[in-house]
Amino acid sequence: MQNIKNMKLWYPYAQMKTKEENFHVESAKGTKIKIKGGNELIDGVASWWCACHGYSNHELNMAAMEQMEKFSHVMLGGLTHDPAKDLAELLVDITPEGLNHVFFSDSGSVGVEVSLKMAIQYFHNKGYEKKSKFVGLKNAYHGDTFKAMEVGDDPDFHGAFSKVFKDAYHIDPPRRGYDVTETEVEEDIAKLEEVLAEKHDEIAAFIVEPLIQAAGGFNFYSPRYLERAREVCDKYDVLLIFDEVATGFGRTGKLFAVNHTNIVPDIMILGKALTGGYLGHAATVASTKVFEAFYSDDPEHAFMHGPTYMGNPITCAVALKSFEIFKRDNYLERIAKIERYLVERFEEIESDLIDSKRVFGVTGVVEVKDSKDLKGFQKFAYDRGVWLRPFGNYMYTMPPYIVEEDEMGRIVDVMKEWFDQRKN
């Protein structure tokens with residue numbers, strides 16, 4: 001047994017007593033991660049889905065260094081700067097019309113917290129102080145800070161804290177499938193309407209991961225559900241929040257998941273690929289309707305939140321350059337090509353161990369019937385030069401958008417080989 005005093009670095013989502021040693025990264029470039037004294041790995045998961053340009057992109061490196069030479073950070077309390085103002089303007093331009101006001105923070109979880117505080121204070125400022133609770137989907141994941149955990153419903157991540165959560169209702173998620181019938185959508189949306197009809201006087205918002213419940217099981221569902229949710233939320237005077245931390249910037253095949261619909265949420269949260277995976281940053285983008293509830297001569301109506309590193313100029317400069325590359329290099333076309341490749345190649349992955357397979361945008365998922373059937377897969381992939389990290393019943397890939405077809409082929413080959421070796 002290791003001496004506890006020697007375990008200085010505490011790793012995430014791991015039992016430190018029994019975990020295997022983490023692979024030690026020496027360098028990373030493009031889609032490849034170089035392990036100290038070992039393999040060079042094709043990254044099949046884009047470092048928790050954020051490194052959309054891969055690693056050590058020269059243009060992003062230069063954007064960070066050029067801003068660093070000017071100044072690395074100033075507070076947004078009483079001061080401002082061009083990178084933050086320019087990024088806010090860009091985000092207003094590229095998000096759906098009506099989302100006109102950007103509040104920065106330093107992680108997706110905090111961006112969610114900001115959205116929830118915003119929703120509660122929106123109604124408080126309007127004189128509806130009872131409206132302070134939320135509705136979310138079962139099996140949702142919105143981050144690991146407290147209110148984000150509360151509106152999520154993922155016992156694998158947050159079971160230790162379940163007894164302290166009291167201000168959220170959770171409804172069954174919409175059934176899986178992009179092209180479900182209108183009858184099926186109505187059956188699913190009825191669960192939301194039932195809660196809002198009874199509890200709308202105490203509910204501030206309905207929060208969802210649009211179209212993909214990511215860490216909660218990769219449930220891909222219909223945009224029609226979101227459109228009906230918009231109608232039901234309006235009916236009962238409840239805000240609609242889209243958590244696009246994972247789905248934003250191309251993961252679903254469009255720039256944002258909301259672009260698959262004809263609606264606009266009241267609040268949208270962006271993170272992860274916002275900075276191309278370079279630095280932690282998030283943006284909570286609000287509608288003018290929401291913003292107007294805070295715009296007042298009354299100082300008590302001001303939004304009282306202010307992360308120290310919000311709008312960090314280096315981070316903003318990298319985010320601006322990241323989107324410039326995304327647009328200039330036609331990333332949506334790259335994403336469509338990757339999606340077509342995944343759909344075609346996933347047909348080859350067959351096993352009695354598999355419950356289902358599904359692809360949406362740059363996300364390919366193989367769900368097994370029993371999680372024990374994925375035990376050892378991470379090391380199996382590592383030994384074959386690919387970095388894939390399954391969890392629960394899900395083997396998945398969400399690669400950087402710069403992945404080449406031969407690299408994508410190696411990723412899928414490893415997934416297929418795992419099951420081929422286990423056939424009777």
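Strand S4 gives the largest share of the lining of the second largest pocket, namely four residues, where strands are DSSP runs (E, at least two residues) and helices are runs of H or I with at least four, numbered from the N terminus. This is a predicted model, in which local features need pLDDT of at least 70 and side-chain atom pairs count only at pLDDT 80 or more, while totals for chains, interfaces and linings use all residues. Residues are numbered from 1 along each chain as its sequence is written, and side-chain values use heavy atoms, with hydrogens and water left out.

**Second largest pocket**
- The second largest pocket holds about 330 Å³ of space, a pocket being an open set of points on a 1 Å grid over the protein atoms alone where a 1.4 Å probe fits, with protein on both sides within 12 Å along at least five of seven lines.
- Its lining has 14 residues, of which His-101, Val-102, Phe-103, Phe-291 and Phe-303 are the closest to the pocket centre; lining residues have an atom within 4 Å of a point.
- Two or more lining residues come from each of strand S4 (99-105) and helix H9 (288-292).

**Lys-272**
- UniProt, in an unreviewed entry, lists Lys-272 for "modified residue: N6-(pyridoxal phosphate)lysine", and such annotations may be inferred rather than shown by experiment.
- Lys-272 lies in the loop between strand S11 (267-270) and strand S12 (282-287), and Lys-272 counts as partly exposed because its relative accessibility is 29%, the class between buried (under 20%) and exposed (over 50%) for a 1.4 Å probe and protein chains only.
- Beyond its neighbours within four places in sequence, the contacts of Lys-272 (heavy atoms within 4.5 Å) are Trp-48, Trp-49, Cys-50, Val-245, Ala-246, Gly-277 and His-281.
- The Lys-272 side chain reaches the backbone oxygen of Trp-48 at 3.1 Å.

**His-142**
- His-142 is placed in the loop between strand S5 (133-137) and helix H5 (146-151), and His-142 counts as buried because its relative accessibility is 3%.
- The side chains of His-142 and Asp-243 are joined by a polar contact of 2.8 Å, that is, a pair of N or O atoms within 3.5 Å of which, within protein, one must be able to donate a hydrogen and the other to accept it.

**Hairpin of S13 and S14**
- Strands S13 (residues 354-360) and S14 (residues 363-368) run antiparallel and are joined by six bridges, pairing being assigned if DSSP finds at least two bridges.
- The hairpin has two residues between its strands, and Gly-361 in the turn has a positive phi of about 60°.
- Opposite Lys-357 stands Val-366 in S14.

Methods:
Grid points are joined across faces, edges and corners, and a volume is the space filled by probe spheres set on the points.
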